[in-house]
Amino acid sequence: MDEGAGTGRGAGPGAFARPGPVERSPLVEGVRAYRLIAGMWIRSTMAYPASFAMTTLGNFLATVFDFVTIMLMFGHVDVLGGYSLPEIALLYGMAATAFGLADLLLGSLDRIGERVRDGTFDTLLVRPVPVLVQVAADRFALRRVGRIVQGLMVLGYALVVLDIDWTPLKVLLVPLAVVSGGAFFGAVYVGGSVVQFFAQDAAQVQNSFTYGGQTLLQYPPSVFARELVRGVTFVVPLAFVSWLPALYVLGREYPVALPEWVAFLSPLVAAGCGLLAGLAWRAGLRAYRSTGS
Amino acid sequence: MRLYAVVAAGGFRRHATYRMATMAGIFTNTVFGFIIAYTYTALWSERPDLGGYDTAQALTYVWLGQALLMTCSLMGGGFEGDLMERIRTGDIAIDLYRPADLQCWYLAGDLGRAAFNFLGRGVVPMAIGAFAFDLALPVSPWTWLAFLVSLTLGVVVSFAVRFLVALAAFWLMDGAGVLQISFLTGLFFSGLLLPLNLFPGLLGEVARALPWSAFLQVPADVFLGERTGWDLVGALAFQAGWALVLLLAGRVLQSVATRRVVVQGG
C-alpha cells in the first residue's frame, strides 16, 4: 500500500518541477525518509513470512489477552467500579487504539538507550536525515498493527452495543480523541527517549507511562484513588486520551470536578505535550555526549 | 558442582551490574502493581471471597505477580534469546566443546539471574505494596520456607520451558515466532493477568494443570497459605513433576539437536 502511494506522487502537479534539488519542507522530507526506512524494514521482515505471520498474530493475541482478562472479570461481576462491560470496552478501545498508533509509528524509540550504549547512535548523527526519524523508523515493525486492529475491534463492539445518545459533537469527539491520544502517547515516547540519552538502561520507565498508561485508561476512573485520578488529569494528562472524552460520550460525570467542554481539549493537550517533547528532544540531542563505544 | 556455583554467581553478578535498569524495573513493577491493585480492589469489593481469596490475599497476589514477573520470567526473557542467537550464528559449537553440560550450565546461570531479580526487583515493589495496601503476609516461618522452595521449583520449571523454546532454534531459521508464543503462554497461563482460580470451567482446569501455573499461581498459593499439609506436598510435587518431565525433554532434545550441529570452519 505504501508503494502505491509512492508511485502516485510523480503524477501530481509537482512532477514538472523535477529535476534538480527540490526545496521540500523538513516535515515532508522527514515523512519521506520515515517511509523509505520503514519500507525497507517491512521488506526485510517479509523475508521470513511465517515468522511475520506468527509475530503479528502474537501481537494481536497479546493485546486480546488484556481484554480477555476484563471479560473474565465480568464473568464474576456485572459492574466494575460502577461501569458495565460495554462502557469499559469504550474506554479500552479508545486507549488501546490511541496507544497502538503511537506504538506503530514511534515504538522503536525505546531502543534508543541500547543504541547509545553500543555506539550505533553516533552513526545516525552524521546521516543527512533527522535523527528522530531514523530512530523511530528503525526496525519498523508492521506486526504492531495487531494492537490497533484489536483496539478498533473492541471500540467497534462498544459503539455497537452501547445505547448512546448521539450528538454531532459526540460523533466528532471519538476519532478526535483517538488521534490526539496517539499524538499524546507519541510525545511520551519522544520524551522518554530523551531520558534514555542520559540513563541508557531506563527504557523500562518509559513503559510505565506507555503500557502502564494504557492499562490505567482501560479501567474507569472510579476504580482508582482520587489523588491518582488528579495526577493523571493535571500532572501527566493521560485522562485526555480516553477518560474525559469517553465519559462525555457516555454522559457520565468525571470524579474530579471539571467543566464539560474540557473533554474537547485533547488535541490541545496533545499538541502541548508534543511541543514539550520536541523541545526536550532538541535539548537532549544537543547535550548528548557519546559513550565512545 | 563448584563450576556451576561459579556460573550461578556469574549470572547473579551479571544482572546486578545494570543498576539503572534495576531501578527502572522497580519503578515499572511498582506502577503496574498500583494500577492492578486498584482494579482488584474494585473487583473484590463487588465479590468478596472471589476465587477463595479475601481482599488482602487478592492484593498480595497482585504484588507477588510483580515480584515474580522477572524472578520466574513469567513472560520469558533471560537466556533464551541469547542461546537462540548462539545457535543461529553457530557459536553454540563452542558451548558444546566446553567441559560442562549445556543444560546445567544455562540452568545455573538462570538460577543466579532469578536470585538477583528476586532480591533486586521483587522485594522492593513488594515492600512498597505492603506499605500502601493491607497485604496478607505469612506469619509462620514455615510458610516462608515452603514459599522459597516453591519459588525455586517455579524458576526451574520456567527455565525448563524456556530451554526447550531456545532449542527450537536448531530447527527454525528465525526464532521470533516461538519466543512470542512462549511470551503469550507465560503471560496468560502463569496467572499474571488474573489468578487461575478465576478462570472458568474447563479453561481453568486446563490452565491449572499446565506447567505455567507452576511459575506464579502455585508459589502464590503457598505464600497465601492456601496450600498446607498434604495439599502443600501435592503442590510442590506438581512443580517438581513438571520440572523433571520438562528437564528430561530438554535433555533428549539437546542430544538430538547436537547431532545436527555442523561446524563450518572459518
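Q: What lies 2.9 Å from a polar atom of the Trp243(A) side chain?
A: That's the backbone oxygen of Tyr219(A). Keep in mind that this is a predicted model.

Q: Okay, and where does Trp243(A) lie?
A: In helix 12 of chain A.

Q: Is Trp243(A) buried or exposed?
A: Trp243(A) comes out at 0% relative accessibility, so it counts as buried, the cut-off being under 20%.

Q: What does Trp243(A) touch, leaving out residues up to four places away in sequence?
A: Quite a list: Leu91(A), Leu216(A), Leu217(A), Tyr219(A), Pro220(A), Pro221(A), Phe224(A), Val229(A), Val232(A) and Tyr254(A).

Q: How far is Trp243(A) from Thr55(A)?
A: They're 31 Å apart in space, C-alpha to C-alpha, and 188 residues apart in sequence.

Q: Let's move to Ala239(A). Where is that one?
A: Ala239(A) lies in the loop between helix 11 (226–235) and helix 12 of chain A. Ala239(A) is buried too, with a relative accessible area of 0%.

Q: Which residues does Ala239(A) touch, again not counting those up to four places away in sequence?
A: Leu217(A), Val232(A), Thr233(A), Leu244(A), Pro245(A) and Tyr254(A). Leu217(A), Val232(A) and Tyr254(A) also turn up in the list for Trp243(A).

Q: And how far is Ala239(A) from Val171(A)?
A: In space, 19 Å from C-alpha to C-alpha; along the sequence, 68 residues.

Q: Zooming out, how many residues does the largest nonpolar core have?
A: It has 145 residues. Those with the most contacts inside this core are Leu90(A), Phe121(A), Phe185(A), Phe224(A), Trp243(A) and Tyr40(B).

Q: Which helix of chain A gives the most to this core?
A: Helix 4, with 14 residues. As background, nonpolar side chains in soluble globular proteins tend to be buried together.

Q: What is Phe121(A) in contact with, leaving aside its neighbours within four places in sequence?
A: Phe121(A) contacts Ile112(A), Arg115(A), Val116(A), Val131(A), Val135(A), Phe197(A), Leu285(A) and Tyr288(A).

Q: What about the second, separate core?
A: That one has 18 residues, including Leu83(B), Ala166(B), Phe170(B) and Ala257(B).

Q: Switching to the interface: how many residues of chain A are in contact with chain B?
A: 36 residues of chain A, and they meet 34 residues of chain B.

Q: What area is buried between chain A and chain B?
A: About 3100 Å², with carbon and sulfur atoms giving 76% of it.

Q: Which three residues supply more of chain A's buried area than any other three?
A: Phe65(A), Leu72(A) and His76(A), which supply 20% of the area that chain A buries against chain B.

Q: Which helix of chain A gives the most to the side that touches chain B?
A: Helix 3, with 13 residues. By class, the side of chain A that touches chain B has 22 nonpolar, twelve polar and two charged residues.

Q: Back to salt bridges. How many does the structure hold over all chains?
A: 17. One of them joins Arg252(A) and Glu87(A), whose closest N and O atoms are 2.8 Å apart.

Q: Where do Arg252(A) and Glu87(A) lie?
A: Arg252(A) is in the loop between helix 12 (243–250) and helix 13 (266–287) of chain A, while Glu87(A) is in helix 4 (residues 85–106), so the pair links parts of the chain 165 residues apart.

Q: Are Arg252(A) and Glu87(A) buried or partly exposed?
A: One of each: Arg252(A) is partly exposed, with a relative accessible area of 32%, and Glu87(A) is buried at 12%.

Q: What does Arg251(B) pair with?
A: Asp101(B), in a salt bridge at 2.5 Å, N to O. Arg251(B) sits in helix 11 (residues 229–258) of chain B, and Asp101(B) in the loop between helix 5 (92–97) and helix 6 (102–132), 150 residues apart. Arg251(B) is partly exposed at 34%, and Asp101(B) is partly exposed at 21%.

Q: Which residues are linked in a network of salt bridges?
A: Arg111(A), Glu114(A), Arg115(A) and Asp138(A). Arg115(A) is also one of the residues in contact with Phe121(A).

Technical notes: Residues are numbered from 1 along each chain as its sequence is written. Chains are lettered from A and ligands numbered from 1 in the order in which they are written. This is a predicted model: local features need pLDDT of at least 70, side-chain atom pairs count only at pLDDT 80 or more; totals for chains, interfaces and linings use all residues. Side-chain values use heavy atoms; hydrogens and water are left out. A salt bridge is a side-chain nitrogen of Lys or Arg within 4 Å of a carboxyl oxygen of Asp or Glu. Helices (H or I, at least four residues) and strands (E, at least two) are DSSP runs, numbered from the N terminus. Buried means under 20% relative accessible area, exposed over 50%, partly exposed in between (1.4 Å probe, protein chains only). Contact means heavy atoms within 4.5 Å. Buried area is the accessible area (1.4 Å probe) that two parts lose on being put together, summed over both. Ala, Val, Leu, Ile, Met, Phe, Trp, Tyr, Cys and Pro count as nonpolar, Asp, Glu, Lys and Arg as charged, and the others, Gly among them, as polar. A nonpolar core is a set of buried Ala, Val, Leu, Ile, Met, Phe, Trp, Tyr and Cys residues joined through side-chain atoms within 4.5 Å. A polar contact is a pair of N or O atoms within 3.5 Å; within protein, one must be able to donate a hydrogen and the other to accept it, and residues adjacent in sequence count only if both atoms are side-chain atoms.
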